[in-house]
Amino acid sequence: MLLLGGMITLSAQAQQQPDPNFELYILAGQSNMAGRGYVTGDFKTEGNDKVYMLTKDNTWVIAKHPVHFDKAIAGVGPGLAFGIAMEKENPKVKIGLIPTAVGGSPIEHWLPGAYDPATKTHPYDDAVVRIKEAMKYGVIKGIIWHQGEANSTPEKVKLYLSQLKELIERFRALANNPNLPFVAGELGRYRPEFATFNSEIVKLPAMVPYTAVATSEGLVHRGDTLHFDSPSADEFGKRYAKKMIELQKTVKK
């Protein structure tokens, strides 16, 4: 693996075999994974020269905010802080972030063939294309997922865990790893209607092996009662990383 001007390039020989020291993470869900925090102050320069992101045109570059590109308003999300924390845990490797989140997408749009009319995308199918491309260069080590605002009504919450279980199984099959660690996140605690969803998502680890849930306790919104502000999104990324590290240790045993 060679680094030229902030971009990763691979020789033809290297492309035939993924680099085991390039550890990849899938970032999926809706807008709070994509990030809607404002890119101001220190967030403009946040980064790590061993943490990369896969751009819209499938090029690896050093990760900076915004990591996602689902909408023009993409900003600070949890992905970059997550990647930095994962590199600090294992400085011998490089980290690759695969952004696939789509703002506003309900979990029903994360089915094979499903279309998201608001963004004119196919969230799951598009993610599969990007994940397959990324796997040419490294090894998938985990998934972080934040989604649920679009599925927070009582009727939809009842169906959510079974839908999420199926999605996890599809992602794991794609990565050829039935024990691939998966970390979901609670919705922001600043909306009372999100409490029902949160009471359900915390049941995930008991339902699906090698999964965990990152808490949103104490995190705040950016003023719209929907999206985490930049410091909260950054903190959330660190919480995702802590859970991911814990899961990876259990898988290794």
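Lys50 is partly exposed, at a relative accessible area of 22%; here, buried stands for under 20% relative accessible area, exposed for over 50%, and partly exposed for what falls in between (1.4 Å probe, protein chains only). The model is a predicted one, in which local features need pLDDT of at least 70 and side-chain atom pairs count only at pLDDT 80 or more, while totals for chains, interfaces and linings use all residues. Residues are numbered from 1 along each chain as its sequence is written, and side-chain values use heavy atoms, with hydrogens and water left out.

Back to Lys50: its side chain meets that of Glu87 in a salt bridge, at 3.2 Å from N to O. The term covers a side-chain nitrogen of Lys or Arg within 4 Å of a carboxyl oxygen of Asp or Glu. This pair ties together distant parts of the chain, 37 residues apart, with Lys50 in the loop between α2 (31-34) and β4 (51-54) and Glu87 in helix α3 (residues 79-89). Helices (H or I, at least four residues) and strands (E, at least two) are DSSP runs, numbered from the N terminus. Glu87 itself counts as buried, at 7% relative accessibility.

By that rule, the count comes to 10 salt bridges. Side chains of opposite charge can pair up when their charged atoms come close. One of the bridges joins Arg222 to Asp224, with 3.0 Å between the closest N and O atoms. Arg222 is partly exposed at 26% relative accessibility, and Asp224 is partly exposed too, with a relative accessible area of 26%.

Another bridge links Asp234 and Lys238, whose closest N and O atoms are 3.9 Å apart. Both sit in helix α8 (residues 230-252), and because they are 4 residues apart there, about one helical turn separates them. Asp234 counts as buried at 10% relative accessibility, whereas Lys238 is partly exposed at 44%.

A pocket is an open set of points on a 1 Å grid over the protein atoms alone, where a 1.4 Å probe fits, with protein on both sides within 12 Å along at least five of seven lines; lining residues have an atom within 4 Å of a point. The second largest pocket has a volume of about 230 Å³, volume being the space filled by probe spheres set on the points, which are joined across faces, edges and corners. Its lining takes in 14 residues, and Phe69, Thr100, Val102, Thr121 and Asp126 lie nearest the centre. Helix α4 (residues 123-134) gives the most to this lining, with 4 residues.
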